[in-house]
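Please keep the sequence and the model in view while reading.

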Amino acid sequence: MIAIRDRKLALWNIGVAYLAFLIGTLCGLLQVFIRNDALTLPSWLDYYQILTAHGVLLALIFTTFFIFGFFITGMSKSLGSFGPKVYLFSWIGFAVTTVGTVLATAMIVSGEASVLYTFYAPLKASGWYYVGLALFVVGTWISSFALVGHYMVWRKKHKGQLSPLFAFMTIATIVMWIIACLGVVATVLFQFIPWAFGWVDTINVELSRSLFWFFGHPLVYFWLLPAYMAWYVIVPKLIGTKVFSDSLARLSFVLFILFSIPVGFHHQLTEPGISNFWKFLQVVLTFMVIIPSLMTAFSMFATFEIAGRKKGGKGLFGWLTKLPWKDVRFTSIFVAMAFFIPGGAGGIINASFQLNEIVHNTLWIVGHFHITVGTPVAMTFMGLTFWIIPYLTGRKFSKSMQKLGFIQIITWAIGMLLMSTSQHILGLLGAPRRTAYSGYNNHPSAMEWFDGILTNHVTMAIGGSILFLSAMILIYIVVMTMFLSPKAVKEEDFVDFPLAESDVENTPKFLENWWIWIGIAFVLIIIAYAIPLNAMIHHAPPGSEGFKTW
């Protein structure tokens, strides 16, 4: 077991994550019923408040706090207990992040920040909302530097050695996160806050959006890489084998540092003011990010096959039957991996120059978001929850909890399949996103979109209701394993946090030379962004005043 104080730090992060998850999923349920005309909100609450809260609390707050809880647990176990300074700064980071979260959420709930998850200018929120976002990011940086400090202490004590794979992947994710946040910090501090408080009259809209997406796309990988960490490091232990290839795992994370950041323009393919050359360059770099994802898929299924055949699996697919399907902690992660196949395919479509024209501002994007973040990432985090919380609290994960866990992941998978499939198809037909509902003044062609079995609002509401039921089961499991389940007494009742062994003998040491990869990452960023951002600054239009449309 890791040190008690490290456990408390991790549990506080996970606790705040699931509080945000509870509120965020409730907002999601309200959304599908509003779109179905089955619910009318009171005058003090509107759809766009709920939409903003849903996006921010689930996509930003839940994921970030859970990820840091996961990092703290794994780093303490793989590198040893935190020293006093690491522990202190981890708590300071947690406190600052929490203050920023509360401030931003208060602005959303009070109706002063209904600017959606992307907070696009010229929609203008209260200046305090942007202050809250800035504090949130600064808090994550403090927590990140604390973890980097813990890693550096280990490296000094183990000169010439490669760090454990979990620690390496944690630092790679943190490096990517800190570089990516430079974009959103720049736009929030130097554009949004002065503009929102009235210190300046206008904002350069295109520059603000470009800096947001400098951050916005690597944010997706900030969610995804911890899931990959679980796939690479924890899943092999569950099925009784080693990491397939330590070198491949480390190289894949290095490639994410290089190629996940200079790709933001593929979210802006329909925007004017950015020349086609720079859009095309970033589309090419986007397709480079597919390579480490395919490397991960190969590694995982090779691991499954090796483990299954060791246990007696015969024939082409006999190894599949030998995997531990009765363990909900494995099955949830496997289902998450399966969902990432259509999710990744959808991402290729979104990043394609011509196909993006069809799907860009439609419900397809909402469906894609849910089938990537809402399923592979969220379901992996759910599977991790069944490990981490009992491990940190020393409580049993009983057979009844196992059964509830299976019900939870099955209902989540069914609900997400119904809702995201409906959103994908409606998007292809032309239904817009970012709106409470649009039937184009009840135009007959638009009305036909919503007549299909899978493409009506009832189907979306059923899917959303099943998801909310699943979320409530998960919250029950979280509360039980945190506070109420009996303490483990027998050795077989204790839940471990499993980290698989990896063979580092053949791993090149230059893979852990961070200055090489950070340097190359900045070169790629300069190539992709320097000229177009310079043009946006020096050839900017007059700028836009703020609009409040709610």
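Contact here means heavy atoms within 4.5 Å, and helices (H or I, at least four residues) are DSSP runs numbered from the N terminus. The model is predicted, and local features need pLDDT of at least 70, side-chain atom pairs count only at pLDDT 80 or more, and totals for chains, interfaces and linings use all residues.

Two packed helices are described by the angle between their axes and the distance between the axes. Axes are lines fitted to C-alpha atoms, for helices over the stretch in contact, with angles running from 0 to 180 degrees between N-to-C directions. Helix α6 takes part in both of the pairs below.

| Helix pair | Axes come within | Crossing angle |
|---|---|---|
| α2 (residues 47-79) and α6 | 11 Å | roughly 40° |
| α6 and α9 (residues 328-350) | 11 Å | roughly 135° |

Because angles under 35 degrees count as roughly parallel, over 145 as roughly antiparallel, 65 to 115 as roughly perpendicular and the rest as oblique, α6 and α9 are oblique to each other. On the α6 side of this pair, L224, Y228, W231, V235 and L238 meet R329, F330, I333, A336, M337 and F340 of α9. By class, this contact of α6 with α9 has 10 nonpolar, no polar and one charged residues, where Ala, Val, Leu, Ile, Met, Phe, Trp, Tyr, Cys and Pro count as nonpolar, Asp, Glu, Lys and Arg as charged, and the others, Gly among them, as polar.

The α2 side of the contact with α6 includes A59, L60, T63 and F70, and the α6 side includes F215, W223, P226 and M229. This contact has 14 nonpolar, two polar and no charged residues.

A nonpolar core is a set of buried Ala, Val, Leu, Ile, Met, Phe, Trp, Tyr and Cys residues joined through side-chain atoms within 4.5 Å, and buried means under 20% relative accessible area, using a 1.4 Å probe and protein chains only. The largest such core has 184 residues, and F21, F66, F70, F119, Y129, Y130 and F304 are those with the most contacts inside it. Its largest share, 22 residues, comes from α6 (residues 205-238). Not counting residues up to four places away in sequence, F70 touches F166, P226, M229, A230, I234, L384, I388 and F497.

M536 lies in helix α15 (residues 514-538) and counts as buried because its relative accessibility is 6%. The C-alpha atoms of M536 and V205 are separated by 9.5 Å, although the two residues are 331 residues apart along the chain.

Terms used. Residues are numbered from 1 along each chain as its sequence is written. Side-chain values use heavy atoms; hydrogens and water are left out. Buried means under 20% relative accessible area, exposed over 50%, partly exposed in between (1.4 Å probe, protein chains only). Helices (H or I, at least four residues) and strands (E, at least two) are DSSP runs, numbered from the N terminus.
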